[in-house]
Amino acid sequence: MNLRMAVPGRAAGLLGVVLVFGLNPDAAFSQAAATAPPVVTATDYARAEKFLAASTNPLIVGGTVNATWLPDDRFTYRSNKGDGQSEFLLVDPVAKTRVPAFDHARLAAALATASGTKVDPAKLPFQTIDLSADAQSVSFDVGAKRYTCDVKGAACTAADSTRDPNAVVSPDGTRAVFIKDWNLWVRDLASKVERPLTTDGVTHFGYATDNAGWRQSARPVVLWSPDSKKVATFQQDERTNGDMYLVETTTGHPVLRAWKYPMPGDESIAMLHRVVVDTDSGSVVRFRMAPDYHRAMNGDDFDTDDMLWSPDAQRLAFVSTGRDHKTATVRLADTTTGDVRTVFEEKVSTHFEAPAGWRVLWGTNEILWNSQRDDWSHLYLYDLTNGRLKHQVTSGPGPVTRILHVDEKARTVHFLANGREAKQDPYFAHLYRIGLDGKGYQSLTPADGHHTAQVSPSGKYFVLAESTPVRPADVVLRDGTGAAVMPLEKMDISKLVASGWKPPVPFTVKGRDGKADVYGLMFQPTNFDAAKKYPIINYAYPGPQSGSVGPRSFVASRGDNQALAELGFIVVSIDGMGTPGRSKSFHDIYYGAMGRDNTLPDQVAGMKELAARHPWIDIDKAAMWGHSGGGFITADAMFRYPEFFKVGISESGNHDQRLYEDDWGERYQGLLVRLGGEHKGSGTEPRDSYEAEANQTHAKNLKGKLLLMHGMMDDNVPPQNTYLVMDALIKANKDFDLILLPHQRHGFGVDGPYVMRRRWDYFVTHLLGATPPKEYQMKGATPPSPGGN
């Protein structure tokens, strides 16, 4: 005879427990306790919050250098002393000295007198300084004022600040250009006199305008000449481009926001009429060529890195990128006549990128070009005169990621590259040197770790920070041979460790083919118990322009990954195939299949392999979340792998590239091709080459719990992307959850802490089967940075 008892359950109503006569009742209750859902309280949320950046970053002392260089290779930087205190230091590489840049106590007193406010010398109210060339005075901005003080702190003088975020200052610091009424203007910074440089700019056909659809600003897109007399820019024609619309949520009549936002397949997209403007005379030289597409070699916005001035400002080298990103054409313009000639062109089958950048060696009429033509990012030397390839400079596995310095006299180049040191993470960057003849290759920083670099004006010195995701940074000043000149900073994380913080666990798993290694980070609760079972959450960003893991440098908090793990989860991030930093073929694995692939085969394979290794991972409770491109992959995962992913949170997803800016989709998916299907699709016949990749096309497959979020004023990824998925789910009679943020843009702004709390609640409820604390109030949380497009 059996007796069934009802025991109150925390999340699921009633929990049935069977008691059998003749057995120990206590054993039955012990079994019930073992299977009961965990209890998650406000105390647990508060403990998790301690692992967010707002709490962890203040526990780090030192370890960062952001150099402000002087012409003679000396530099200043702000050294973090902990507890909100800092010190500005002056480094002299020749003398090998590192001393205070000024008398902090006396300057604070002088600044207090000049400003009429109290000033703490250990917590000065500015983050950066400009030291005079003779190192006798220092200038900085506080509020709307620009202060100049002598370094001994005898006195400070104040003037109105000339800072203008919407102006670009000349190299000599005497003038700045800005946009007014669709025209380019110049301001003399001493007299503050302003005058127009162009007068024929009109609405949506303006000079130097910064609008990529997904990103806009009032700051002009210009490149100053070395002599501070000319600017290279364009007149951007958007007059016939399509518009994007958003409606503000307010009382009374709605406020409509509209701006130019071309999309894939549009007949009309932004076109650039290249010009050079003389800021002395106001003369405008138009290049004698057809307008260029609003494209760049790298990224999905126009980039001034695609333009290079000659030292005498008589010539401008630049790259024209095709609409589909399959061609990069190097051109040379005479900035006096506007005559343009093509130097050479490179074509690829997918999309062209030059991740390391490029250089013109004007003294020898050569171009140091970056190409991935042999499957790795390498450097090639071209003749600027005739456009012929001289020879390949770098070779072998491991992509060159950044040209740091070219010494034209010594005929050498210093560069960063990934994956060239054996038995190290292939994403770790190291410093190298090679001759322009392809000889004399040297690894200058072979020690295990990821390196970031800042180069001095002469190229003789490098500020190199070395760290890993689990090892804090050492910052050392090195010379061109890689030899240490002097130590600068050593990051102290003793307070961080004492707080209970633990680093993530790096791991390697096999990708979709069972052969390629893919890399990731795992976050475990700090009270981890190997005898327990933990649901697994994948924080994902598919790229293709970046990945999920983020920087390989040391970071105390990567979004809310560790905080989320503290609530009883294993959290992972995996850089699947299709992300950059390795070979071209690795990066291009899902070119033209953004939805069908989206790195998901690698994400699933990696999660399964981790679960096979670690019995404490409950692979039957797998989830994913992401923002922007991560929102795209999350909904994609829930629709294409409905049996595997049980819970997903999709934030601000670009679910259909036909409803996202033109440059993104046309770079990674290819040009939109009309296939002749009916407007709403005709059975399995798609209407165009993008339809099969769109998430709403597959929404009917949803089985798990899906939360969609979007800011209704998102001017990067328009919220209509999420509306399309909502509509498809409704038509398929699917249950889903939705949060729309009426006033927020792409990153969620002030609503970020609310979004984070709701994210935690959703996973606690649907993965743990627990009840979260009701309406927990986040205490100053900083929302995770969107990875994104």
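How many aromatic pairs does the count come to in this chain? Before the answer, some words on the model are in order. This is a predicted model, in which local features need pLDDT of at least 70 and side-chain atom pairs count only at pLDDT 80 or more, while totals for chains, interfaces and linings use all residues. Residues are numbered from 1 along each chain as its sequence is written, and side-chain values use heavy atoms, with hydrogens and water left out.

The chain contains 12 helices and 48 strands, where helices (H or I, at least four residues) and strands (E, at least two) are DSSP runs numbered from the N terminus. Its C-alpha trace spans about 100 × 70 × 65 Å along the principal axes. For 789 residues a compact globule would have a radius of gyration near 28 Å, and the 29 Å of the chain agrees with this; the radius is taken over C-alpha atoms, and the globule rule is 2.2 Å times the number of residues to the power 0.38.

Of the 789 residues, 54% count as buried, a word that here stands for under 20% relative accessible area, with exposed meaning over 50% and partly exposed in between (1.4 Å probe, protein chains only). Among the contacts (heavy atoms within 4.5 Å) with a separation of 6 or more, 58% come from residues 24 or more positions apart. The chain exposes about 33000 Å², of which carbon and sulfur atoms supply 53%; such areas come from the Shrake-Rupley method with a 1.4 Å probe, and for residues only the protein chains shown count as cover.

To return to the rings, the count comes to 27 aromatic pairs. The rule is that rings of Phe, Tyr and Trp (its six-membered ring) pair if their centres lie within 6.5 Å, and that planes under 30 degrees apart count as stacked, over 60 as edge-to-face and the rest as tilted. One of the pairs is formed by Tyr427 and Tyr519, which are edge-to-face, with 6.2 Å from centre to centre and 80 degrees between the planes. This pair links distant parts of the chain, since Tyr427 lies in the loop between strand S34 (412–418) and strand S35 (429–435), whereas Tyr519 belongs to strand S42 (residues 517–523), 92 residues apart. Tyr427 is buried, at a relative accessible area of 7%, and Tyr519 is buried too, at 15%. Elsewhere, ring pairs join Phe88, Phe102, Phe126, Phe140 and Tyr147 into a cluster.

Pro487 sits in strand S40 (residues 484–490) and counts as exposed because its relative accessibility is 64%. Leaving aside residues up to four places away in sequence, Pro487 touches Arg98, Val475 and Val476, and its C-alpha atom is separated by 8.1 Å from that of Asp474, 13 residues apart along the chain.

Some features of the backbone deserve a look as well. Gly543 and Pro544 are joined by a cis peptide bond with omega of about 10 degrees, and Pro544 is found in the loop between strand S43 (534–539) and helix H6 (561–565). His204, a residue other than glycine, has a positive phi near 65 degrees; His204 lies in the loop between strand S14 (194–196) and strand S15 (205–207) and counts as partly exposed at 24% relative accessibility. Asn733 likewise has a positive phi, near 60 degrees, and is placed in the loop between helix H11 (720–731) and strand S48 (737–741), where Asn733 is exposed with a relative accessible area of 71%.
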